[in-house]
Amino acid sequence: MNQASIGFEESLALAMNHAKPAGTETVSAVHAAGRVVAREVFSQVDSPSIDASLKDGCAVLSTDIAEASTDMPVRLKVVDQVAAGGHYNYLLQTGETVRILTGAPVPRGADAVLTEEFTRKDGAFIYALADAHVGRNILTKGTDVTNGESLAAPGQMLTPARIGLLIAGGIKDVPVFKRPTIGLLATGSEIIPPGAPMTPGKIYASNVGMQQAWFEMAGYDVRVMTAMDDEDQIAGALNGLGVDCDIIITSGGAWKGERDLTAAAITSLGGEMVFHRLRLGPGKATGMGILDHRPVFCLPGGPASNMAGFLMIVLPVLFKMSGFSGSPHLILYGILEKPIYGQTRWTNLVQCDVIRNNATILLRPDKLKSRLWAMATQAALVVIPEGVEKMDAGDVVPFICLDGFF
């Protein structure tokens, strides 16, 4: 274990080096939104599977109506009509037309579709009132998806739109990375679960509640346990969570000395601490251990420090374990209304209110009395890297957007 304080970037690199994907599985494409592709996916079919009409109208030979206009209409004989959903093999001859609906197969010989609004009916004939060049209003075979085309690459998150593309390409099931099962452990003799009667000196486990809500919103399976400030109890809970969980996140009991019960429990079980004190403010007491080949993150009990370790260390590791190759954070840019200050050898995190002024985002770094109110309402987190001592009012700076509905 690295006993000394280490920089945020170094700690993140160490944590990421210990993050291994939780495995792969195959799931139905329609249930794969938010999952990460494990192997490249190729189209099995052409879409459309035929040359299809994009509009309701008349399939024509473009040369027949090249001179057509409202002043010089061209008469064509209607020989048939065709709707979507089947195969159509009629060979269109010059002077003929087939009435056609959107999505219907284009007759052989036809090279354009004249839309309904540019035709006039006359019994068994229509009059073309405009021209239609070759390919007009025709979606050719394989235009949307070509058989054998790559539709999704490994590491790519599947959105509903991407799933629509996969299904159009004939994909029923898709290989994805498994989502790790997450164990959450709230430690502390003062901690009580939501719904338990409140008594003096107790507090509800809001840190773990926030984490559980975040994970369940993202579709992860979560196991939750609590433990008193007792090394044996914490060790027992870690063992219990280790039965089902790929990653464990503890809150509370994460510091140095005789009260560092979580780290002590990890080492008593044969685990090893990777790091345990960061040059990160808030969040300096964040630690990471390895127990039975799985990462165990030790987050401090203070809400702001807990959230900092969770956002800056735990989430990137969890995303990597889930197969993501990118950052879990939405990074936007805003203009500082007031200066904010960092330190030469520390990474500092500053929460800000977000004020939207048309297309401009203003960041207001007001310090609130309540840590929980700040976490709940201040939607921007500005990271001040080591070596940067000040960001001035008016500076355009990147920030982590904490509000998914921003």
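Modeller: Let us begin with burial, and with Arg 279, which has a relative accessibility of 13% and so counts as buried. Buried means under 20% relative accessible area, exposed means over 50%, and partly exposed lies in between, with a 1.4 Å probe and protein chains only. The model is predicted, so local features need pLDDT of at least 70 and side-chain atom pairs count only at pLDDT 80 or more, while totals for chains, interfaces and linings use all residues. Residues are numbered from 1 along each chain as its sequence is written, and side-chain values use heavy atoms, with hydrogens and water left out.

Biologist: Which residue does the side chain of Arg 279 meet in a salt bridge?

Modeller: Side chains of opposite charge can pair when their charged atoms come close. The cut-off for a salt bridge is a side-chain nitrogen of Lys or Arg within 4 Å of a carboxyl oxygen of Asp or Glu. Here Arg 279 meets Glu 386, at 3.4 Å from N to O. Because Arg 279 lies in strand β20 (residues 278-281) and Glu 386 in the loop between β27 (380-384) and β28 (390-391), the pair ties together parts that are 107 residues apart in sequence. Glu 386, with a relative accessible area of 31%, is partly exposed.

Biologist: How many salt bridges does a search of the whole structure find?

Modeller: The search finds eight. One of them joins Glu 25 to Arg 35, with 2.5 Å between the closest N and O atoms. This pair links distant parts of the chain, 10 residues apart, with Glu 25 in strand β2 (residues 24-28) and Arg 35 in the loop between β2 and β3 (41-42). Glu 25 is partly exposed at 30% relative accessibility, whereas Arg 35 is buried at 9%. Arg 99 also forms a salt bridge, with Glu 116, and the closest N and O atoms are 2.5 Å apart. Since Arg 99 belongs to strand β7 (residues 96-100) and Glu 116 to the loop between β8 (112-115) and β9 (119-122), parts that are 17 residues apart in sequence are tied together.

Biologist: What is the strand order in the open sheet of six strands?

Modeller: Strands of a sheet pair through backbone hydrogen bonds, either parallel or antiparallel. Strands (E, at least two residues) and helices (H or I, at least four) are DSSP runs numbered from the N terminus, and two strands pair if DSSP finds at least two bridges between them. The order is β17-β14-β18-β22-β21-β19, with mixed pairing. At the edges stand β17 (222-227) and β19 (272-275), each with a single partner strand, so one side of each is left without a neighbour in the sheet. Neighbouring strands of this sheet are turned by 25 degrees against each other on average, direction ignored. Within the sheet, β14 (residues 182-187) and β18 (residues 247-251) run parallel and are joined by five bridges; Ala 186 has Ser 251 as its bridge partner in β18.

Biologist: Which strands does α5 touch as it packs on the sheet?

Modeller: Contact means heavy atoms within 4.5 Å, and angles run from 0 to 180 degrees between N-to-C directions, with axes fitted as lines to C-alpha atoms, for helices over the stretch in contact. Helix α1 (residues 8-17) lies across β19, β21 (287-291) and β22 (294-299), at about 135 degrees to β19. As for α5, its contacts are with β14, β18, β19, β21 and β22, and its direction makes about 130 degrees with that of β19. Thr 262 is placed in α5, which spans residues 261-268, and is buried at 0% relative accessibility.

Biologist: Which backbone oxygen does the side chain of Thr 262 reach?

Modeller: That of Gly 252, at 3.3 Å. A polar contact is a pair of N or O atoms within 3.5 Å; within protein, one must be able to donate a hydrogen and the other to accept it, and residues adjacent in sequence count only if both atoms are side-chain atoms. Asn 137 gives another case, with a polar side-chain atom 2.9 Å from the backbone oxygen of Val 113. Asn 137 is buried, with a relative accessible area of 13%.

Biologist: How many disulfides does the count come to?

Modeller: A disulfide is a pair of cysteine sulfur atoms within 2.5 Å, and by this rule the count comes to zero. For Cys 298, the nearest cysteine sulfur, that of Cys 245, is 15 Å away. For Cys 352, the closest cysteine sulfur is in Cys 401, 12 Å away and too far for a bond.
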